[in-house]
Amino acid sequence: KPSFGLYGTRKTFLFSSDSSKPILPCSSTLSEVGAGLQREFGFPVVWFGRCVIQVQFTDSGISRVLGFSSLLLNCLLIVNLVTRVRLEMEGEQLTEQETALYDRQIRVWGADAQRRLSKSHIFVYGMKGTVAEFCKNIVLAGVGSVTLMDDRAVTNEALASNFLIPPEEKVYSGKTLAELCCDSLKEFNPMVHVSVEKAELVTLGQQFFEKFDVVVISSCPPATKILINEKCRKLSKRVAFYTVECRDSCGEIFVDLQNYKYMKKGKADGPASECELRYSSFQEATSAPWGRLQRRTSKLYFAMRVIESFEEANGRNPGVFSVEDVPAVLQLKRKLCEAQSVSESFVPDTLLERLVIGSIEFPPVCAIIGGILGQEVIKAISGKGDPVKNFFYFDVVDGKGVIEDISSRAPEADSASSKSANIITQVVLE
């Protein structure tokens, strides 16, 4: 919390929450005045210099100066500084309207977490069905603002999975996905500022992302995800980075919180302890050598890398497949497994066939993945709860959600990871 210097050494201070109920009488000592200030406003007081000042406080700050010495400049500095700090402190508090609207969730994660949410700014790219579910969740949770980016037009696939798109053609005709989703999200929670950014994602500079606390990317090639992730990592502040993809009845979430500290609840009502997690970048996590990963690692991790490699090699947009692509995808899988010196069973053919043939999102799975992603973003903003590190997978076939930590590697893993990335690139080019 902020601190400021208040000049004075005489007993001429009056503090009150309103004009009729003084907190401290005018004859209070400096120590009593300091205690009163801290009790009323929640920040420490430091005393400097010599000055006589008598002020009156109301809920909106200092209502008037009752008297001051010849050191007029010092007195004016006090009035301006204390008033400014008071207003800033009030700005951090939840308004009465916010408290009433978010009453139930405040009971779950507390007013401090809700206050952090209301100050957070989220950037989202790729308005597919899963991302629409995510946006709905965080808007209802009460984040400060959501900025959407997606210049694509509405397609039949989008209508099938994105519930934010109005079904009437006369409504969505001529509008981009981001504009349509923006209009719908504003109706969910008018207290959240939802806007549209029109630009090419890859052309956005590093400083553009500095105004956000969370960046969520979907429906773009791995090279673009790597580029945005690196821009976020180079910023002076920590920006939480997520990618999310849903193909048919399967979903993947990637999380990069960089160096993240949070409070972990103790067992059996024990005291909470501070934990710190170190995350790998998207490039490091997706280029980990397959042979170094445990055999029980989710098959979806390997299958998604094969699908991404095929899309990159053939210049496809994410999710653009046909049944005729199955033989070529299976052939690429065999080459990648051979180059990585692992068994072909790492990536079952049946799983790849499902991801290729059913590349369109399955709405119930969108709801699940979007819900998990919303939950993880709320954790990262509020600092409460154990976050995912660093992949989450869901497959409707077994109905299980699996967390995979692909960032725990041996000391020599950096060079091995680079070698693995080169192997994948060489196989794709061939």
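Me: Is Arg295 buried or exposed?

Reply: This is a predicted model, in which local features need pLDDT of at least 70 and side-chain atom pairs count only at pLDDT 80 or more, while totals for chains, interfaces and linings use all residues. Residues are numbered from 1 along each chain as its sequence is written, and side-chain values use heavy atoms, with hydrogens and water left out. A residue is buried under 20% relative accessible area, exposed over 50% and partly exposed in between (1.4 Å probe, protein chains only). Arg295 has a relative accessible area of 55%, so the residue counts as exposed.

Me: Which residues is Arg295 in contact with, leaving aside its neighbours within four places in sequence?

Reply: Arg295 belongs to the loop between helix H10 (282-286) and helix H11 (299-314); helices (H or I, at least four residues) and strands (E, at least two) are DSSP runs numbered from the N terminus. The C-alpha atom of Arg295 is 9.8 Å from that of Val342, a residue 47 places away in sequence. Contact means heavy atoms within 4.5 Å. With the neighbours within four places set aside, the contacts of Arg295 are Ser345 and Phe346.

Me: Which charged residue sits over the ring of Phe346?

Reply: A charge sits over a ring if NZ of Lys or CZ of Arg is within 6 Å of the ring centre and within 35 degrees of the ring normal. Another such case is Arg305, over the face of Tyr301 at 5.1 Å from the ring centre. For Phe346, the charged end is 5.4 Å from the ring centre and belongs to Lys299.

Me: Which residues do ring pairs link into a cluster?

Reply: Rings of Phe, Tyr and Trp (its six-membered ring) pair if their centres lie within 6.5 Å; planes under 30 degrees apart count as stacked, over 60 as edge-to-face and the rest as tilted. The structure holds 16 aromatic pairs. The residues linked into a cluster are Phe241, Phe254, Phe282, Trp290, Tyr301, Phe302, Phe346, Phe391 and Tyr393.

Me: How many residues apart in sequence are the parts tied together by Phe123 and Phe209?

Reply: Phe123 and Phe209 form an edge-to-face pair, 5.8 Å centre to centre with 85° between the planes. Both residues are buried. Phe123 lies in strand E7 (residues 121-125) and Phe209 in the loop between strand E9 (193-196) and strand E10 (214-217), so the separation of the tied parts is 86 residues.

Me: What kind of pair do the rings of Phe254 and Phe391 form?

Reply: Phe254 and Phe391 are both buried. Their ring centres are 5.2 Å apart and their planes stand at 55°, so the pair is tilted.

Me: How many residues apart are Phe254 and Phe391?

Reply: Phe254 is part of strand E12 (residues 250-256). Phe391 is part of strand E15 (residues 391-395), and the separation is 137 residues.

Me: Which residues is Arg233 in contact with, leaving aside its neighbours within four places in sequence?

Reply: Arg233 is in helix H9 (residues 222-233), and with a relative accessible area of 28% the residue is partly exposed. Its C-alpha atom is 9.2 Å from that of Asp256, 23 residues away along the chain. The contacts of Arg233 beyond four places in sequence are Asp256, Gln258, Tyr279, Ser280 and Ser281.

Me: What is phi of Gln258?

Reply: Gln258 is in the loop between E12 and strand E13 (259-264), and at 13% relative accessibility the residue counts as buried. Its phi is positive although the residue is not a glycine, with a value near 60°.

Me: What is the phi of Asp248?

Reply: Asp248 is in the loop between strand E11 (240-247) and E12, and at 22% relative accessibility the residue is partly exposed. Asp248 is not a glycine, yet its phi is positive, about 55°.

Me: What is omega for the peptide bond from Lys389 to Asn390?

Reply: Asn390 is in the loop between helix H14 (363-382) and E15. The bond from Lys389 to Asn390 is cis, with omega near -10°.
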